[in-house]
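Here is a quick tour for anyone meeting this structure for the first time. Take a look at it, then read on.

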Amino acid sequence: MPINCNFVGRPHISSWLPGETLFSMASRHHIVACNSTPAETCRQLFGHPRIGSAHDFPARVGYLAAQTQGQLGSPRDIILDHTITRFFFPFQSPKKCANWVAQMTSGAASQLKSQLGLPSARFGAAHPLKACAQCMAEDARLCTVAYWHVEHQIPGVWVCPHHHSLLLTSRKKWSGEDRFGWCLPFDVELVPSAGQIDTSAFDALNTIASSAIALWKLAPKVHLSEPSLASTYR
């Protein structure tokens with residue numbers, strides 16, 4: 001088991017599961033550590049009873065990196081590789097991106113969605129937890145636990161890139177229910193992200209998912225030209 005709950009002073013977390021989110025790792029720790037409240041887990045991993053529990057833009061990542069003595073990577077590596085944050089980098093300036101990484105490393109990231117302009121955007125600021133039923137079965141068989149994959153959580157991804165099946169979603173975090181809690185896919189009610197759709201619509205969703213994942217995988221230093229973007233949108 002990648003997490004050992006027999007710790008004194010700091011959690012002993014040895015490794016990530018393939019493509020795992022930070023929220024998923026913390027949720028595994030919550031279960032294995034036998035913590036009775038979400039706040040207890042948050043304090044252990046992030047040094048605060050609530051800050052750090054967000055499933056999309058967690059904060060106080062520097063505290064986690066220090067507690068694990070860099071075993072999980074640097075704060076920047078954790079943020080870039082195990083959250084959806086870098087998906088937004090190509091559309092923003094290097095200065096803004098560095099500021100967001102700093103916010104998530106040492107402070108609260110409560111204003112980050114507003115700074116990204118998500119609340120006023122057409123698609124909103126909600127990021128429901130998403131999972132693939134086939135991935136869950138494979139994870140349980142290979143890793144003994146089903147967990148949240150970063151690629152599934154990326155905005156615009158509604159189709160699993162590996163099984164090409166529609167993802168399932170949970171309202172548990174983004175609806176306000178158990179806002180500061182921890183959970184894994186088998187712990188929550190998951191419902192289909194869409195009803196019956198025709199082949200052309202599914203193909204479109206598949207294309208959008210591939211494009212969104214490709215954006216997330218771009219080198220963090222890649223930033224698109226704002227004038228070119230504006231011209232393309234027009």
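This is a predicted model: local features need pLDDT of at least 70, side-chain atom pairs count only at pLDDT 80 or more; totals for chains, interfaces and linings use all residues.

## The strands

How many bridges join S4 to S5? Strand S4 (residues 168-170) is joined to S5 by 2 bridges, and the two run antiparallel. Leu-168 has Pro-192 in S5 as its bridge partner.

Now turn to helix H4 (residues 75-82) and helix H5 (residues 94-106). Their axes come within 10 Å and cross at roughly 110°. Angles of 65 to 115 degrees count as roughly perpendicular, and H4 and H5 are therefore roughly perpendicular to each other.

Which residues meet here? On the H4 side they are Pro-75, Arg-76 and Ile-79, and on the H5 side Val-101, Met-104 and Thr-105. The residues of this contact between H4 and H5 divide into 4 nonpolar, 1 polar and 1 charged.

## A space inside

Searching the whole structure turns up 1 cavity of 30 Å³ or more. The largest cavity holds about 40 Å³ of space.

What lines the largest cavity? Its lining is made of Thr-21, His-55, His-82, Thr-83, Ile-84, Leu-129 and Gln-153. By type, that lining divides into 2 nonpolar and 5 polar residues, with no charged ones.

Key
Residues are numbered from 1 along each chain as its sequence is written. Side-chain values use heavy atoms; hydrogens and water are left out. Axes are lines fitted to C-alpha atoms, for helices over the stretch in contact, and angles run from 0 to 180 degrees between N-to-C directions. Helices (H or I, at least four residues) and strands (E, at least two) are DSSP runs, numbered from the N terminus. Angles under 35 degrees count as roughly parallel, over 145 as roughly antiparallel, 65 to 115 as roughly perpendicular and the rest as oblique. Contact means heavy atoms within 4.5 Å. Ala, Val, Leu, Ile, Met, Phe, Trp, Tyr, Cys and Pro count as nonpolar, Asp, Glu, Lys and Arg as charged, and the others, Gly among them, as polar. On a 1 Å grid over the protein atoms alone, a cavity is a set of points where a 1.4 Å probe fits but cannot get out, and a pocket is an open set with protein on both sides within 12 Å along at least five of seven lines; lining residues have an atom within 4 Å of a point. Grid points are joined across faces, edges and corners, and a volume is the space filled by probe spheres set on the points. Two strands pair if DSSP finds at least two bridges between them.
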